[in-house]
Amino acid sequence: MLSVEEPIGVTEAAQVPQQRGDHLLDAAVRYAEERHWDVFPGTWLEAADGSERCSCGEPDCARPGAHAPRPDWAGQATGSGAAARRMWSRQPRASVLLPTGRTFDALDVPESAGFLALARMERMDLTLGPVTCTPDRRMFFFVAPGAAAKVTDLVRALGWNARAIDLVGRGEGHYIAAPPTRIGGRGAVQWARRPTQVNRWLPEVDELISPLAYACAREAADARARLS
């Protein structure tokens, strides 16, 4: 987990962090200061009738405690550590959200396909950026900005349909939740590969799309076989 003494990138092991305000504030400030990522505060979890609910007040919130609280969220995002500290000081329980399409895009894939692709990429000794995994079983591979606009054509060139194999590019106008944000009672967003000094320079989408598309296509085929 992120702690005051541990700079980003020292520990590779993914651990479930606690949803404490000091952890969230510290993470937000360091993402801005050390990685130069824009951050903005999202909703948070509130205790209610022995359970937790999203601060947005919606009883059937799809991502409780882990979504933008207002439609103009893009204007709130900041790359300033001092500004991030002020925002989380006002609401220490707010989730940590990262806009895509600025300093990075993200390739959003099913968790099972993501781990399959990650193992293959490591065997191929590919350059990898940070990777998160979420409690709703998705993985996000951080890549250089501009990736989202290329995904459909790149996957089509490999012989698949990006939507059919559930490979999604997240770019301008989107955001992702960052560790140690919790999503309702499902658990916390974690690092499958932490940010390090080595992966400060993000790979281009062209470098990762083949193993990711192959893994997603294989997972989609397996899912169809299970239903037949």
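Is D136 buried, partly exposed or exposed? At 30% relative accessibility, D136 counts as partly exposed, because buried means under 20% relative accessible area, exposed means over 50%, and partly exposed is in between (1.4 Å probe, protein chains only). What you're looking at is a predicted model, where local features need pLDDT of at least 70 and side-chain atom pairs count only at pLDDT 80 or more, while totals for chains, interfaces and linings use all residues. Residues are numbered from 1 along each chain as its sequence is written, and side-chain values use heavy atoms, with hydrogens and water left out.

**Salt bridges**

- Side chains of opposite charge can pair when their charged atoms come close.
- A salt bridge here is a side-chain nitrogen of Lys or Arg within 4 Å of a carboxyl oxygen of Asp or Glu, and by this rule the count comes to twelve.
- D136 has a partner, R63: their closest N and O atoms are 2.7 Å apart. This pair links distant parts of the chain, with R63 in the loop between β3 (51-54) and α2 (73-76) and D136 in the loop between β6 (131-133) and β7 (138-143), 73 residues apart. (Helices are DSSP runs of H or I with at least four residues, strands are runs of E with at least two, and both are numbered from the N terminus.)
- R63 is partly exposed as well, with a relative accessible area of 26%.
- R102 and D38 make another salt bridge, and their closest N and O atoms are 2.7 Å apart. Again, distant parts of the chain get linked: R102 sits in the loop between β4 (96-99) and β5 (105-110), D38 in the loop between α1 (21-35) and β1 (40-41), and the two are 64 residues apart.
- R102 is partly exposed, at a relative accessible area of 33%.
- E219 and R226 also pair up, at 3.6 Å from N to O. E219 counts as partly exposed at 22% relative accessibility, while R226 counts as exposed at 58%.

**Helix α3**

- In α3 (residues 81-90), the buried residues are G81, A83, A84, M87 and W88. They sit on the same side of α3 because they cover an arc of only 155 degrees around the axis, going by the directions from the helix axis to the C-beta atoms.
- Turn to the face pointing away from that buried side and you'll find the exposed residues R86 and R90.
- S80 caps the N-terminal end of α3, with a side-chain oxygen 3.3 Å from the backbone nitrogen of A82.

**Cysteines**

- The structure holds zero disulfides, a disulfide being a pair of cysteine sulfur atoms within 2.5 Å.
- For C56, the nearest cysteine sulfur is that of C54, 3.5 Å away. C56 is partly exposed, with a relative accessible area of 33%.
- C61 is in no disulfide either, and its nearest cysteine sulfur, that of C54, is 3.9 Å away. C61 is buried, with a relative accessible area of 17%.

**A nonpolar patch on the surface**

- L116, L158, W160 and Y214 form this patch, with about 330 Å² of accessible area together. (Areas come from the Shrake-Rupley method with a 1.4 Å probe, and for residues only the protein chains shown count as cover.)
- Patches are made of residues with over 30% relative accessible area and no salt bridge; like charges are joined within 9 Å, and nonpolar side chains (Val, Leu, Ile, Met, Phe, Trp, Tyr) within 5 Å.
- L158 lies in the loop between α5 (151-157) and β8 (168-170), and is partly exposed at a relative accessible area of 37%.

Notes: Polar contact = N/O pair within 3.5 Å; in protein donor to acceptor, adjacent residues only side chain to side chain.
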